[in-house]
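Please look at the sequence and the structure shown here before reading on.

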Amino acid sequence: MIRTGMLTNRSKVVVKKEMNFWERMYLPAILSGVVITIKHLLRRKATIKFPEQKREISKVWRGQHVLKRDEHGAERCTACGLCAVACPAEAITMTAAERKKGDEGLFREEKYASVYEINMLRCIFCGLCEEACPKEAIFLTDRIVSTDYERHGFIYGKDKLVEAVDKRIDVTVRQTPEVLEFKKHKLLSHNR
């Protein structure tokens, strides 16, 4: 019998139980380890072969960003900077510029983002940028961010972010029913 806790003036009686023959042989412990190993061998594999097989992704999964265009093909982003301010990881940087005469079809407003970059190494895919955008210009899609071996490959500029005019990306699953109902009211200045 051993008493512990002399420093705290609290004592606890610890009884050292003698092991029987089978416990001294460690046979029950070895057999339980073998049983656990066999159970894991018979389970379905958790891994998949990624390029050939693709895992099913949730509808609201947040993947690579996209800068949307309006129905006429002009960029929606007006470089207001609200997405950059809302980003907790400070992953978004942009430079604003004034639209030149003749570029009315390219940019929706007088001010546009001449440089728009997202550092994908810093991005935490929280979706606050799309919530902060008043023009519905940026959305997170269901596309997986591609991998690279160099850091500079993860700085996504407008060349990777702006959607193509002929290949639109559907983001209606990212919009709540309240937002879709709000967009039906064409009298509001946001929806014009």
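Predicted model: local features only at pLDDT ≥ 70, side-chain atom pairs only at ≥ 80, totals over all residues.

Residues are numbered from 1 along each chain as its sequence is written, and side-chain values use heavy atoms, with hydrogens and water left out.

The structure holds three salt bridges, a salt bridge being a side-chain nitrogen of Lys or Arg within 4 Å of a carboxyl oxygen of Asp or Glu.

| Salt bridge | N to O distance |
|---|---|
| K68 and E163 | 3.0 Å |
| E75 and K158 | 2.8 Å |
| E163 and R168 | 3.8 Å |

K68, E163 and R168 are linked in a network of salt bridges. E163 is buried at 3% relative accessibility, whereas R168 is partly exposed at 38%; buried means under 20% relative accessible area, exposed over 50%, and partly exposed in between (1.4 Å probe, protein chains only).

K158 belongs to helix α5 (residues 158–161), helices being DSSP runs of H or I with at least four residues, numbered from the N terminus. Leaving aside residues up to four places away in sequence, K158 touches residues including F107 and Y112, where contact means heavy atoms within 4.5 Å.

A search of the whole structure finds one aromatic pair. The ring centres of F107 and Y112 are 3.7 Å apart and their planes lie at 15°, so the pair is stacked (ring centres within 6.5 Å make a pair of Phe, Tyr or Trp, the last by its six-membered ring, and planes under 30 degrees apart count as stacked, over 60 as edge-to-face and the rest as tilted).

How values were computed. Helix = DSSP H or I, 4+ residues; strand = E, 2+ residues; numbered from the N terminus.
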